[in-house]
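Hi,

Here is the structure I said I would pass on. Have a look at it first, and then read my notes below.

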Amino acid sequence: LTEGEYYQFRIIAYNVAGQSPPGEPSEPIQARPRYQAPKILTPLTDVNVKAGNNFTIDVEYIGSPDPNVNWFVDGTPLVTDERTTVSAIAPITTFHIVNCKRSDSGDVVIKLVNESGSDKGSFFFNILDVPGPPTGPIEFEDIDNNSVTISWRPPKDNGGSEITGYVIEKKDLDHAGGWVPAVNYIGPKVLTHKVPRLLEGNRYEFRVFAVNAQGRGP
């Protein structure tokens, strides 16, 4: 037999009258060493997936006897649940997840262990979503009769990609109006900005949104 190749086998019985029809063939069996330390064969690279999408990765491995295969994300075991399926049928182990959420992001580690040794591999699983809200509260740097300068801090979570800018909205509390744009674009490194075109004597509320490649955050 040739190592690495798959084979099927069947049995034929003989007696003085001749041979029987062959029995049912076996399942395909791979010719491999009886004792072999496990090894991950599939190259693993960091993964970016948009929130709401599904993701599947098949990882090929070797090892004899068949190794125990375990998946972890940030040190926590990955197990099959209503959104996640983890399986291992030699020589393939599969991780499948539906409706990806930002909170699914993390360092994914695969560990293989049998009596001959062990192996592990890893990749970063990054779910791309809109950024979180800028860290508050908003601070007022300067106020005059028709403008105010406000400042804020970046969001704790950039949504998996770089912040590309900020947006400011305002609400005039004395005219029962809703939220309207005040400043449509502020650069990603700017955390202080002047809001113009205010009416003297009116009361206002302000809010700031962070923006990345996936859109505007809450």
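A salt bridge here means a side-chain nitrogen of Lys or Arg within 4 Å of a carboxyl oxygen of Asp or Glu. Keep in mind that this is a predicted model.

Let's start with those pairings. Side chains of opposite charge can pair when their charged atoms come close. Searching the whole structure turns up five salt bridges. One of them joins Asp157 and Arg102, with N and O 2.9 Å apart. That pair brings together distant parts of the chain, 55 residues apart: Asp157 sits in the loop between β15 (148-155) and β16 (165-172), while Arg102 is in the loop between β11 (92-97) and β12. Asp157 is partly exposed at 29% relative accessibility, and Arg102 is partly exposed too, at 22%.

Next, take a look at Glu169, where two salt bridges come together in a network with Arg207 and Arg216. The closest N and O atoms of Arg207 and Glu169 are 2.8 Å apart. Here too the pair links distant parts of the chain, with Arg207 in strand β19 (residues 204-212) and Glu169 in strand β16, 38 residues apart. The other salt bridge, between Glu169 and Arg216, has an N to O distance of 3.2 Å. Since Glu169 lies in strand β16 and Arg216 in strand β20 (residues 215-216), this pair ties together parts 47 residues apart in sequence.

Arg207 is partly exposed at 31%, and so is Arg216 at 41%.

Now for the pocket. The largest one has a volume of about 190 Å³. Its lining is made up of 14 residues, and Ile143, Asp144, Leu198, Asn202 and Tyr204 lie nearest its centre. By class, that lining has six nonpolar, five polar and three charged residues.

Phe9 belongs to the loop between β1 (6-7) and β2 (14-15), and it is partly exposed, with a relative accessible area of 41%.

Ile110 is buried, with a relative accessible area of 0%. Ile110 and Ile40 are 70 residues apart in sequence, yet their C-alpha atoms are 8.8 Å apart in space.

Cheers

Key: Residues numbered from 1 in each chain as written. Predicted model: local features only at pLDDT ≥ 70, side-chain atom pairs only at ≥ 80, totals over all residues. Heavy atoms only, no water. 1 Å grid on protein atoms, 1.4 Å probe; cavity = no way out; pocket = protein on both sides within 12 Å on 5 of 7 lines; lining within 4 Å. Points joined across faces, edges and corners; volume = space filled by probe spheres on them. Nonpolar A, V, L, I, M, F, W, Y, C, P; charged D, E, K, R; others polar. Helix = DSSP H or I, 4+ residues; strand = E, 2+ residues; numbered from the N terminus. Buried < 20%, exposed > 50% of the residue type's maximum accessible area, 1.4 Å probe, protein only.
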